[in-house]
Amino acid sequence: MIKIEELVHAYIYSHCDFEREIVLTNYFQGDWEADMLIIDAAGFSHEIEIKLSKSDFKNDFKKSYINKETGDQFLKHDKISCGDYVCNAFSFLLPMGMVDPAMIPGHCGIVEFYHNADTWETEFYPVREPKRLHEDSYWKLNDKDLFIRKMALNLLQRKMEIKGKHEELIFKNPFDIKKIK
């Protein structure tokens, strides 16, 4: 069975243009996490959710969030279907034949994959294009400067994490929240 990291690697290197798109994996923003988030040069965003089992797929429709300001609870896919979602498009990436496309809401794109364990080749088959959920740019809904600072911080944290695994580092953790007196 292919590991999710290998699947993500195969997909982004066969479908993404790093000259024109920002491609993030396991990106957290507020209450939600995108397995893959792709933002094109115009600022339009596409979230791709990977599901490797039927139970994981079914559970995605049970995900709920609470609005921090109002306390209202809502289901993730209700927000997506009505266009009240940060991303312009949403798709599922699934093993071939795992879910009948008729069972997937019409606003969701569907990409199926087949992984040949003998040749280690993975092929992707678009089944349905996602519908445009709204016309707002990702940058209209999110602060681009804050986004860039968060990405820089994530890179620094990752570098220190990797470096720390190979040698002992002796310094205070710069990522601890400083207490203001």
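**Figure 1. Contacts of Leu 37 in the predicted model.** Setting aside neighbours within four places in sequence, Leu 37 is in contact (heavy atoms within 4.5 Å) with Ile 22, Val 23, Leu 24, Tyr 27, Trp 32, Ser 45, His 46, Cys 87 and Tyr 138. Residues are numbered from 1 along each chain as its sequence is written, and side-chain values use heavy atoms, with hydrogens and water left out. Because the model is predicted, local features need pLDDT of at least 70 and side-chain atom pairs count only at pLDDT 80 or more, while totals for chains, interfaces and linings use all residues; pLDDT is the predictor's confidence in each residue, from 0 to 100.

**Figure 2. The nonpolar cores.** A nonpolar core is a set of buried Ala, Val, Leu, Ile, Met, Phe, Trp, Tyr and Cys residues joined through side-chain atoms within 4.5 Å; buried means under 20% relative accessible area, exposed over 50%, and partly exposed in between (1.4 Å probe, protein chains only). The largest core has 25 residues, and those with the most contacts inside it are Trp 32, Leu 37, Leu 94, Ile 104, Tyr 138 and Phe 147. At least two residues of this core come from each of strand 1, strand 2 (32-39), strand 6, helix 4 (138-141) and helix 5 (144-166). Strand 2 gives the largest share, four residues. A second, separate core of 15 residues includes Cys 16, Val 23, Val 111 and Phe 124. In soluble globular proteins, nonpolar side chains tend to be buried together.

**Figure 3. The salt-bridge network around Glu 49 and Lys 51.** A salt bridge is a side-chain nitrogen of Lys or Arg within 4 Å of a carboxyl oxygen of Asp or Glu, and 12 are counted by this rule. Glu 49 and Lys 51 form one at 3.1 Å, N to O, and both residues are buried. The network of salt bridges links Glu 47, Glu 49, Lys 51, Asp 56, Asp 60, Lys 63 and Lys 76.

**Figure 4. Two further salt bridges.** The side chains of Asp 84 and Lys 79 pair at 2.5 Å, N to O. Asp 84 is partly exposed, with a relative accessible area of 43%. Asp 136 and Lys 140 also form a salt bridge, their closest N and O atoms being 3.3 Å apart. Asp 136 counts as partly exposed at 28% relative accessibility, whereas Lys 140 is exposed at 63%. Side chains of opposite charge can pair when their charged atoms come close.

**Figure 5. Positive phi at Asn 26 and Trp 120.** Asn 26 is not a glycine, yet its phi is positive, about 45 degrees. Asn 26 lies in strand 1 (residues 22-29) and is partly exposed, with a relative accessible area of 47%. Trp 120, also a residue other than glycine, has a positive phi near 60 degrees. Trp 120 is in the loop between strand 7 (109-116) and strand 8 (121-128), and is partly exposed at 45% relative accessible area.

**Figure 6. Strands 4 and 6, by confidence.** Helices (H or I, at least four residues) and strands (E, at least two) are DSSP runs, numbered from the N terminus; the chain has five helices and eight strands. Mean confidence is lowest in strand 4 (residues 64-66), at 81, and highest in strand 6 (residues 89-95), at 97. The chain averages a pLDDT of 87, and 89% of the residues score at least 70.
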